[in-house]
Amino acid sequence: MEYRYLGKSGLMVSCLSLGGWVTYGGQVGPEIAQQCMKTAFDLGINFFDTAEVYSGGQCEIDMGVAIRKFGWKRSDLVISTKIFWGGKGPNDRGLSRKHIIEGTDASLKRLQLDYVDLLYAHRPDPDTPMEEIVRAFNHVINQGKAFYWGTSEWSPQQITEAHAVAQRLNLIAPLMEQPQYNMFHRDRVEKDYLPLFKNFGMGATIWSPLASGLLSGKYNAGVPHDSRLAIQDNAVMKRLRDGLDSEDGRVKLSKVSNLGNIAKQLDCSTAQLALAWCLKNPNISSVITGASKPSQIEENVKALRVVPLLTDEVMASIEEILLNKPAS
Ligand code: NDP
């Protein structure tokens, strides 16, 4: 495994990490979640990501049980959770001081932990003043309940404002952003966030590197019954499933099939190629993967071996297929 600094901080995160969205506490039971986390840990993954909203809190519960069961040393782990959607009450969502503090406490309880290493604002909250948000995350850090705070899917302007507030008040600014990044979703990471990486030393821990599995090639010939997109009672999965039948979906599937030819030439799987492509970006601190089976983690970790094979020539052939390089 390779470990990278999280932005400008001294914290080292495995460049491939494991998250629990949809899967742990939802699609698979606690035993499979435990097997996946153990496989990941044994392969050198030290960074595990969850959120208060994942499976209504059950993801944090199941991941917390795994952490406790295997008796891993706390210092060997980097655990993150995210606050924004904590429940149905008017104060159970958003980034008020009240919800950041109460939401963090509830997450820690579900995780059976005294602190998380990383705490994210899962989305921006334009209805709460930035000063309230920055002060609340600082309060949580000062209480020892988190070591670093960050953002997820905030605009560059919102992140810049948070930094300005932190600087003005001599408070801790957000260290990392958690954006979507994969071969089909590039603009923010490759273009919009560049000043944040350069000026603030922000780290990026990116999500859906396989576009929910699409970039593994598993959907090229339909939706496998045991795959994420086959889940019936989930609106996001329905949207992704329906999307496969659209013009955009067909174009993407054909690109995935062409990427499969490059993967064959490199003697790797399409998933490994797609993950290696994300890892090659030097602004990425960690690629947060998901897995419903330990075998997927074993396969995905081998993406590390593919990174050195991505020569300028191979990268150019990938661009010829993707045709979506952000204009500089
Ligand atoms: P991916 O795009 O990598 O999708 C993961 C899914 O793809 C797996 O659960 C599995 O689904 C399938 N898969 C994984 N590896 C393989 C393989 N080798 N071959 C075939 N299929 C494979 O990542 P996620 O969308 O899960 O995102 C990763 C993490 O990022 C999340 O768990 C979460 O922690 C975080 N996240 C953060 C968000 C945010 O707003 N901040 C939003 C979304 C995610 P299956 O087997 O069921 O088909």
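## Briefing: a closed parallel barrel and its helices

Strand 7 (residues 146-151) is mostly covered, with 5 of its 6 residues buried. Buried means that 20 or more other C-beta atoms lie within 10 Å of the residue's own; exposed means 12 or fewer, and partly exposed is in between, with C-beta atoms placed from the backbone. This is a predicted model: local features need pLDDT of at least 70, side-chain atom pairs count only at pLDDT 80 or more, and totals for chains, interfaces and linings use all residues. Residues are numbered from 1 along each chain as its sequence is written. Helices (H or I, at least four residues) and strands (E, at least two) are DSSP runs, numbered from the N terminus.

**The barrel**

- A closed barrel of 8 strands runs 3-4-5-6-7-8-9-10, with parallel pairing.
- Two strands pair if DSSP finds at least two bridges between them.
- Strands of a sheet pair through backbone hydrogen bonds, either parallel or antiparallel.

**Strand 3 and its partners**

- Strand 3 (residues 16-19) runs parallel to strand 10 (residues 284-289), and 3 bridges join them.
- Leu16 has Val287 as its bridge partner in strand 10, and Leu18 has Thr289.
- Strand 3 also runs parallel to strand 4, joined by 2 bridges.
- On that side, Leu18 has Phe48 of strand 4 as its bridge partner.
- Both faces of strand 3 are covered. Leu16 and Leu18 are buried on one side, Ser17 and Gly19 on the other.
- In a regular strand the side chains alternate between the two faces of the sheet.

**Strand 5, covered on both faces**

- Strand 5 (residues 78-83) has 6 of its 6 residues buried, so it is largely enclosed by the rest of the structure.
- Val78, Ser80 and Lys82 are buried on one side, and Ile79, Thr81 and Ile83 on the other.
- Strand 4 (residues 47-49) runs parallel to strand 5, with 3 bridges between them. Phe47 has Val78 as its bridge partner.
- Strand 5 pairs with strand 6 (residues 116-121) in the parallel sense over 4 bridges. Here Thr81 stands opposite Leu119.

**Ile83 in detail**

- Ile83 lies in strand 5. Ile83 is buried, with 30 other C-beta atoms within 10 Å.
- Two residues are in contact if their C-beta atoms, placed from the backbone, lie within 7 Å.
- Leaving aside neighbours within four places in sequence, the contacts of Ile83 include Glu52, His99, Ile100, Leu119 and His122.
- Gln34 is 49 residues from Ile83 along the chain, and their C-alpha atoms are separated by 23 Å.

**Strand 7 and its partners**

- Strand 6 and strand 7 run parallel, joined by 5 bridges. Tyr120 has Gly150 of strand 7 as its bridge partner.
- Strand 7 and strand 8 (residues 176-177) run parallel, joined by 2 bridges. In strand 8, Met176 is the bridge partner of Gly150.

**Crossovers**

- A crossover is right-handed if, with the strands pointing away from the viewer, the path from the first strand over the helix to the second runs clockwise.
- Strand 3, helix 1 (residues 30-42) and strand 4 form a right-handed β-α-β unit.
- Strand 4, helix 2 (residues 58-70) and strand 5 form a right-handed β-α-β unit.
- From strand 5 the chain crosses through helix 3 (residues 97-111) to strand 6, in a right-handed β-α-β crossover.
- Strand 7, helix 5 and strand 8 form a right-handed β-α-β unit.

**Helix 4 against helix 5**

- Helix 4 (residues 130-142) and helix 5 (residues 156-169) pack at an angle of about 70°, with their axes 9 Å apart. Axes are lines fitted to C-alpha atoms, for helices over the stretch in contact, and angles run from 0 to 180 degrees between N-to-C directions.
- That makes helix 4 roughly perpendicular to helix 5, a term for angles of 65 to 115 degrees; under 35 counts as roughly parallel, over 145 as roughly antiparallel and the rest as oblique.
- Met130, Glu131 and Val134 in helix 4 meet residues of helix 5, including Glu161 and Val165.

- Gln112 is a residue other than glycine with a positive phi, near 60°. Its place is in the loop between helix 3 and strand 6. Gln112 counts as partly exposed, with 13 C-beta neighbours inside 10 Å.
- Leu323 is not a glycine either, yet has a positive phi of about 50°. Its place is in the segment after helix 12 (312-322). Leu323 is exposed, with 8 other C-beta atoms within 10 Å.
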